[in-house]
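Dear colleague,

Please find below the sequence and structure that I am handing over to you. My findings are set out after it.

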Amino acid sequence: MRADWVGSRGISSSSESAVARTAVRLRMCHDCNVTQTVLIVDDHPSFRASARAILEADGFSIVGEAEDGATGLALLRKLRPDVVLLDVQLPDMSGFDVCIECGDLDTTSVVLVSSRDATDYGSLIESSGARGFVPKADLSGAAITSLIG
């Protein structure tokens, strides 16, 4: 893991746009060789590729990708990733519906993403059970870490 996962540094400016459902706490990584696994669920191949590159550069391990909610749910149950990066607008169901369907997977942190602003979704983000929301334009490892910490 990256060095900024250890200790008590503040959240960097690149993650300030993340909307958290829960209080922000920093990851205390005692074994910096442990990698957080991520499943990316988004219908845009270009975003999946960008998200993979960004998160891998920040020390995450991408274990799978899905282009729709049904495939995402199947991979989520099969792979049991630490984090699911989940687009709010999928072709077959909303990211909020996916959150409802995967509610029994307590060990996985769901982070919603969209090209739209969090305010467009009102209280849906908070009531979804997701750890929070990150605008696609602001995606970074630090933004994800600030929500799942």
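Predicted model: local features only at pLDDT ≥ 70, side-chain atom pairs only at ≥ 80, totals over all residues.

Strand 2 (37-41), helix 2 (69-79) and strand 4 (83-87) each contribute at least two lining residues, and helix 2 provides the largest share, with 3 residues.

Helix 5 (residues 141-148) is largely enclosed by the rest of the structure, because 8 of its 8 residues are buried. Among them are I144, L147 and I148.

A search of the whole structure gives 6 salt bridges. One of them pairs D42 with K136 at 2.8 Å, N to O. D42 sits in the loop between strand 2 and helix 1 (45-57), whereas K136 sits in the loop between strand 6 (132-135) and helix 5, 94 residues apart. D42 counts as buried at 0% relative accessibility, and K136 counts as buried at 16%.

E65 forms a salt bridge with R48, the closest N and O atoms being 3.3 Å apart. E65 belongs to strand 3 (residues 61-66) and R48 to helix 1, so this pair ties together parts 17 residues apart in sequence. The side chains of R52 and E65 also meet in a salt bridge, at 2.8 Å, N to O. Through shared partners, salt bridges join R48, R52, E56 and E65 into one network.

With kind regards

Terms used. Residues numbered from 1 in each chain as written. Heavy atoms only, no water. Helix = DSSP H or I, 4+ residues; strand = E, 2+ residues; numbered from the N terminus. Buried < 20%, exposed > 50% of the residue type's maximum accessible area, 1.4 Å probe, protein only. Salt bridge = Lys/Arg side-chain N within 4 Å of Asp/Glu carboxyl O.
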